[in-house]
Amino acid sequence: MHNNEIPVITIDGPSASGKGTIAQLVAAKLGFHYLDSGALYRLVALKAAQSLADTKNYDLLSSIARNLDVKFNGQVIYLDGKSVTDDIRTEECGILASQLAAYPDIREALKERQREFRQPPGLVTDGRDMGSVIFPNAILKVFLTASAEIRAQRRYKQLIEKGMNANIANLLHDIEKRDERDSNRSIAPLQQGADTRLLDTTSLTISQAQDTVLSWYNEICAKTRV
Ligand code: CDP
């Protein structure tokens, strides 16, 4: 199968919209690979923080992005051979990731690495620009969103479950700031493209959201087979 023919489902959307959860469930259901592209930006942020890199030293930061020693093993993520699965999930890391993600050289450095995840029998991936930049010929592009309040509550639950400190008001503030930065940057901004399907999960359960994505995928497959 030619690489361009391997089916890709992209799920882009704002912070804490549930993209990761839905993307992983859909991937598991279809037996597809899964790429959490945000984790790559978080890993660059973590490595930059560990190296005490100046966040204005673009050459150093893009070299960090290009040379990132990363391994994904199911739910576990390794950086330089050490598990950093929880370390990259802190709000500080998310905020720094969003700042670094606005640098074109860092995005460029991660481009090919993301495309390498396109392997048979298929890929489900989530992020901000998966459908618009990384996999423009994806078979199904979803824009997954929810109200900022619901997203803050979901992120709160997620952090508390991991035993981390969290405060709803601060989270809401961070989410709104991150939305603004991710949507207004000049390169690969978070926007719903004309070729994406909108899925607002404010009042949907996880399983309803998962079923909607799967039914869209099945509908497309049925049409292309005709
Ligand atoms: O978990 P959450 O949705 O808050 O964020 P994430 O998906 O882990 O991504 C962290 C940050 O990386 C985002 O705020 C974006 O600025 C950036 N990112 C990006 O620019 N492009 C992507 N494809 C994925 C993430």
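Tutor: The buried residues of α4 pack against α2 (37-50), α3 (58-66), α5, α7 and α8 (168-184). Buried means under 20% relative accessible area, exposed over 50%, and partly exposed in between, with a 1.4 Å probe and protein chains only. Helices (H or I, at least four residues) and strands (E, at least two) are DSSP runs, numbered from the N terminus. This is a predicted model, where local features need pLDDT of at least 70 and side-chain atom pairs count only at pLDDT 80 or more, while totals for chains, interfaces and linings use all residues. Residues are numbered from 1 along each chain as its sequence is written, and side-chain values use heavy atoms, with hydrogens and water left out.

Student: Ok, how many residues of α4 are buried?

Tutor: Seven of its 10 residues, so α4 is mostly covered. Among them are E91, C93 and G94.

Student: What does E91 form with R155?

Tutor: E91 and R155 form a salt bridge, with the closest N and O atoms 3.4 Å apart. The term means a side-chain nitrogen of Lys or Arg within 4 Å of a carboxyl oxygen of Asp or Glu. E91 lies in helix α4 (residues 91-100) and R155 in helix α7 (residues 148-161), so the pair ties together parts that are 64 residues apart in sequence.

Student: Is R155 buried or exposed?

Tutor: R155 is buried, at a relative accessible area of 10%. E91 also counts as buried, at 10%.

Student: How many salt bridges are there in the whole structure?

Tutor: A search finds 13. One of them joins E108 and K111, whose closest N and O atoms are 3.4 Å apart. E108 and K111 are three residues apart in helix α5 (residues 104-115), which puts about one helical turn between them.

Student: And what about R197, which side chain does it meet in a salt bridge?

Tutor: That of E219, at 3.3 Å from N to O. This pair links distant parts of the chain, with R197 in strand β8 (residues 197-200) and E219 in helix α9 (residues 206-225), 22 residues apart. R197 is partly exposed at 26%, and E219 is partly exposed at 35%.

Student: New topic. Where is D36?

Tutor: D36 is in strand β2 (residues 33-36), and D36 is buried at 14%.

Student: Which side chain does D36 join in a polar contact?

Tutor: The side chain of R89, at 2.9 Å. A polar contact is a pair of N or O atoms within 3.5 Å; within protein, one must be able to donate a hydrogen and the other to accept it, and residues adjacent in sequence count only if both atoms are side-chain atoms.

Key: Contact means heavy atoms within 4.5 Å.
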